[in-house]
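Have a look at the structure below and get your bearings. We'll walk through a few spots together, one at a time.

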Amino acid sequence: MIISGVNLYHVRMPLVSPFETSFGRIETRDCVLVEAHAGGLSGFGECPADRDPGYSYETCDTAWHILQDFLIPAVLNQSLESANDLQDRLSMVRGHPMAKAGLEMALWDLLGKSQGRSLADMLGAVRRRVEVGVSVGIQASPEALVEAVEGYVSQGYRRIKIKIKPGRDVREATAVRARLADMRLQVDANSAYSLESAQALKGLDDLHLLLIEQPLAEDDLWDHSRLQAQFATPICLDESILSERHARQALEMGACRVINIKPGRVGGLSQAIAIHDLCYAREIPVWCGGMLETGVGRAANLALAGLPGFSLPGDISATERYYTEDITQEQFTLNPDSTITIPGGPGLGVTVDREKLRRYTLKKLTMP
Ligand code: NPQ
Ligand code: MG
């Protein structure tokens, strides 16, 4: 497979409602879409960097620069038979995992289309539908949060994650638990606490949560291991885990008991699979995170979550939870059992709607 050309699209899509986390609030979602051409086929990938460096240091503009000036030149007109071939070509770029992940995903889509195989099949998925939950942003009050959560429960979601930050944590989680005694419930702090300020979270330990996600800084495995020793509830790491090596070290250190896997954060689907395989062999539960993806990234997340070790519901909600209209012809819907069906067509199994892509594109680049 020889990639003869690549298009980049900086896309901005309006959200159904604002999404607030400990690092900020957004009303529109930006991302970079990568379209790679080979042998008359076109493959799409999604780089889930945001406009601002809140979740990670990468932004749409840094990803654009790294893709345009380093990653795409390294793969154009090279013979690539696998994601590993591609990653070998990209290994001279330090960091920038989301930029790499977008390009790798486009290659997987091309490989699948050329072989007539679905991504789920190529990755080793063992199911056709995956259990999913919903991530609920910080709301104006605990009452407003309970109301928002109940709305999602009535739509059929059977696992709820609430975003927390200092001062907006135990009271919020307690209010949701009081209303939903048996709901699978978890919280995500997006790195907003220190070992000291996280003492305020002790009350969470009585709420039968599935997990507490990323309470401390992304570069702080050690304090996570000290915090985990103080909590019965499993700590789950998200931002801290950028590679299989990080995952192994975090587990060996006791910094977490669960891992959230996102292809973008770890540099691509191939590294996501490596982390899955490590955790599966050690019987460590993993689940697929979400980055408010378009239909392109959502399709890849669904295929990944089909692997056998994904034993907890993913942050892969129905399209309508985030967008009134997506740039793919396919819109993902929630099945009555809180699952979403993995696409079965070749590659990602989605078709980008060219007219909608044009409508939401701020900037386009064609290489060479
Ligand atoms: C998480 N995702 O698990 C992330 C947070 C996240 C679904 O909670 C723009 C603005 C992009 C905010 C991507 C969910 C974002 C964002 C991810 C938040 O930590
Ligand atoms: Mg998270």
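Which residues bring α8 and α9 together? On the α8 side they are E244, A247, R248 and L251, and they meet Q271, A274, I275, L278 and C279 in α9. Sorted by class, this contact of α8 with α9 has 6 nonpolar, 1 polar and 2 charged residues. Keep in mind as you look that this is a predicted model.

Now step back to the two helices themselves. Two packed helices are described by the angle between their axes and the distance between the axes. Here, α8 covers residues 244-253 and α9 covers residues 269-281, and they pack at an angle of about 25 degrees with their axes 9 Å apart. Angles under 35 degrees count as roughly parallel, so α8 is roughly parallel to α9. As for handedness, α8 passes α9 in a right-handed crossing.

Next, find the loop between β7 (184-188) and β8 (212-213), where N190 lies. Is N190 buried or exposed? Its relative accessibility is 7%, and the cut-off for buried is under 20%, so N190 counts as buried. If you leave out residues up to four places away in sequence, N190 touches T21, S22, F23, Y55, K163, E213, Q214 and E239.

Most residues other than glycine have a negative phi, and most peptide bonds are trans. N190 isn't a glycine, yet it has a positive phi of about 45 degrees. S191 has a positive value as well, with phi near 70 degrees, and it is likewise a residue other than glycine.

For the last stop, follow the chain to β13 (361-367) and the segment after it, where you'll find P368. What kind of peptide bond joins M367 and P368? It's a cis one, with omega at about 0 degrees.

Note on methods:
Residues numbered from 1 in each chain as written. Chains lettered and ligands numbered in written order. Predicted model: local features only at pLDDT ≥ 70, side-chain atom pairs only at ≥ 80, totals over all residues. Heavy atoms only, no water. Axes fitted to C-alpha atoms, helices over the stretch in contact; angles between N-to-C directions. Helix = DSSP H or I, 4+ residues; strand = E, 2+ residues; numbered from the N terminus. Parallel < 35°, antiparallel > 145°, perpendicular 65-115°, else oblique. Left-handed = near helix turned anticlockwise from the far one by under 90°. Contact = heavy atoms within 4.5 Å. Nonpolar A, V, L, I, M, F, W, Y, C, P; charged D, E, K, R; others polar. Buried < 20%, exposed > 50% of the residue type's maximum accessible area, 1.4 Å probe, protein only.
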